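Visitor: Please show me the structure. Then take my questions in order.

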Amino acid sequence: MAAVELAGLTKVFRSRRESVRALDGLDLAIPEGTVLGLLGPNGSGKTTTVRILATLLDADEGSARVLGHDVAREPDIVRSLIGLSGQFSAVDENLTGRENLWMFGRLYGLPSSQARDRAAELLEVFDLSEAAERTTKDYSGGMKRRLDLAGALVAQPRVLFLDEPTTGLDPKSRIELWEVIRRRVREGVTLLLTTQYLEEADILADNIAVIDQGRVIAEGTADLLKASVGGERIEVVVHEADQVGVAASVLRRHCEDDVGIEERHRRLTVASSGGASVLVSIIRDLDAEGVGIDDIGLRRPTLDDVFLTLTGHAAERAEATDTRRGAA
Amino acid sequence: MTATTTPPQVRAETPGAKPSAVANGLVLVWRNLKRLPRQPDMVVYGTIQPIMFVVLFAYVFGGSISVGGSNDPRVYREFLMGGIFAETMAFAVASSSVGLADDMKKGLVDRFRSLPIARSAVITGRVVGDLVFNAFVLVVLMLCGLVVGWRIHSTVAEAALAVFILLLFTFAMLWVAR
């Protein structure tokens, strides 16, 4: 039995002027103990999916089941099985870290003393022990996210929903949070992770479902998705604009496929299956022809390429991520 | 970060067990009261403003208002306090709604709603918490009234009944804020 099963899930948001089809017959299944990365641009339906699964929103059509329990018919059971950490750090800013976790424990139905023990334990695991007695108002963004995630884990849920858990975090905090998430997964939690960071899905997820306009447009492992866009490519940036032609003829000599040329950036790309050895001969030939090289490399398709190919529009955050990674 | 120890088996009650509205509500009342000393600005605003009204009407405008043909400011002050009590309790709606709106904006309400708790607890927690705060404001106001010349003329039981009715009114108004 799959831990999470969505079948034909449809949700239309209606306002007086227009109706927006947020989900349009979404089908998904997450086997128990695995991580599914739900990848999509803004407005593709990721958050709507999570909200329906967390019983915060009713679907118009279709069904959603968590560990066999229908979210619409048995919401109380579903709520006791899941943990949710949303896009915001939903912790009480006027309570300390310890008080927040104690409160969530009590609300999950733990007796007071057990809730206290569990809070202490989670504070330790999430490296928040030192800040435990401070109100979360004074926490950094990364600390709040960690506390938020800890709150979702208080009752050891078997299914965890994380809606863009690292959006807005600095690179260091993101990597720390990934580590924490990975540990939970090793303990056997089933995880649905939504993200617009392709790198995040690549690192954390067993399977990736790409959604756009409320439907799944591709599904599979990261490698499978990458392979679907094609193999390796060689990319060359030449030094002088008038050398582009010469460089193109060199590339044609070594590779069978068409050479893609971007005049403005003096960049040439070509598909290649020869790997590094072809790259070496190309460098040698370019050098022999007297072509100055600014940059050359063997490029494997990234999830960004997958995304672009599948959705036809860029992952809006991809660029921002790259800049940030550069800055770090 | 420390190495993860396998946590002991703490599972929330049996899945699907009926959550207790009272127990859940009390936890959320606790949360709403806990924040008061940590948001002193809110407490100060909530108590200073009605006191200012008392002083303003009793001393600044009071002299030129006659009640029942009497120009004695002491008569007006007795008359005034009843109005201030009711007004202050009615205005409790504003700060209460702001508090709830804030919880919604920060995603806290969503989080509570995703927990296996009684649906009523989120609202009960806030209403009861705010009611306790307003009872405190009422005490401050009554002390303030005693200072400017307002007196309880009836029996203790009748005064207690009046306070009860005022708090009942507050309770009703707090539900309007929802």
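**Packing, sheet and contact**

Guide: A word before we start: this is a predicted model. Take A:Leu193 as the entry point. Leaving aside neighbours within four places in sequence, A:Leu193 contacts A:Val35, A:Leu36, A:Gly37, A:Leu38, A:Leu162, A:Leu204 and A:Ala205.

Visitor: Which residues touch the most other members of the largest nonpolar core?
Guide: Nonpolar side chains tend to be buried together in soluble globular proteins. The largest nonpolar core here holds 86 residues. Those touching the most other members are A:Leu53, A:Leu122, A:Phe161, A:Leu192 and A:Leu193.

Visitor: Which helix gives the largest share of this core?
Guide: The largest share is 6 residues. They come from residues 141-153 of chain A, helix α5.

Visitor: How many residues are in the second, separate core?
Guide: This core includes B:Met89, B:Phe133, B:Val137 and B:Leu141. Its total is 18 residues.

Visitor: Which strands stand at the edges of the open sheet in chain A?
Guide: The sheet has 6 strands with mixed pairing, in the order β6-β7-β8-β3-β9-β10. An edge strand has a single partner, so one side is left without a neighbour in the sheet. In chain A, that applies to β6 (82-85) and β10 (215-220).

Visitor: By how much are neighbouring strands of this sheet turned against each other on average?
Guide: Direction is ignored for this angle. The average is 15°.

Visitor: What is the bridge partner of A:Leu160 in β8(A)?
Guide: β7(A) and β8 (residues 190-195) of chain A run parallel, joined by 5 bridges. In β8(A), A:Leu160 has as its bridge partner A:Leu191.

Visitor: Is A:Leu67 buried, partly exposed or exposed?
Guide: Most residues other than glycine have a negative phi. A:Leu67 has a positive phi, near 50°. This residue sits in the loop between β4 (61-66) and β5 (69-70) of chain A. With 18 other C-beta atoms within 10 Å, A:Leu67 is partly exposed.

Visitor: And A:Glu164: buried or exposed?
Guide: A:Glu164 also has a positive phi, about 45°, and is not a glycine. Its place is the loop between β7 (159-163) and α6 (171-186) of chain A. The cut-off for burial is 20 or more other C-beta atoms within 10 Å. A:Glu164 has 21, so A:Glu164 is buried.

Visitor: Why do the buried residues of α9(A) lie on the same side?
Guide: In α9 (residues 244-254) of chain A, the buried residues include A:Val244, A:Ala247, A:Val250 and A:Leu251. On the other side, A:Gly245, A:Ser249 and A:Arg253 are exposed.

Visitor: Which elements do the buried residues of α9(A) pack against?
Guide: The partners are in chain A. They are β11 (233-238), β12 (260-262), β13 (267-271) and α10 (276-288).

Visitor: How many helices are there in chain B?
Guide: Chain B has 0 strands. Along the sequence, its pattern reads α-α-α-α-α-α. The number of helices is 6.

Visitor: What share of the residues in chain B is buried?
Guide: Chain B has 178 residues. The buried share is 28%.

Visitor: How many charged residues are on the side of chain A that touches chain B?
Guide: The contact takes 33 residues from chain A and 28 residues from chain B. On chain A, the elements giving two or more residues are α2 (75-81), α3 (97-107) and α4 (112-125). By class, that side has 14 nonpolar and 8 polar residues, and the charged count is 11.

Conventions:
Residues are numbered from 1 along each chain as its sequence is written. Chains are lettered from A and ligands numbered from 1 in the order in which they are written. This is a predicted model: local features need pLDDT of at least 70, side-chain atom pairs count only at pLDDT 80 or more; totals for chains, interfaces and linings use all residues. Two residues are in contact if their C-beta atoms, placed from the backbone, lie within 7 Å. Helices (H or I, at least four residues) and strands (E, at least two) are DSSP runs, numbered from the N terminus. Ala, Val, Leu, Ile, Met, Phe, Trp, Tyr, Cys and Pro count as nonpolar, Asp, Glu, Lys and Arg as charged, and the others, Gly among them, as polar. A nonpolar core is a set of buried Ala, Val, Leu, Ile, Met, Phe, Trp, Tyr and Cys residues joined through C-beta atoms within 7 Å. A residue is buried if 20 or more other C-beta atoms lie within 10 Å of its own, exposed if 12 or fewer, and partly exposed in between; C-beta atoms are placed from the backbone. Two strands pair if DSSP finds at least two bridges between them. Axes are lines fitted to C-alpha atoms, for helices over the stretch in contact, and angles run from 0 to 180 degrees between N-to-C directions.
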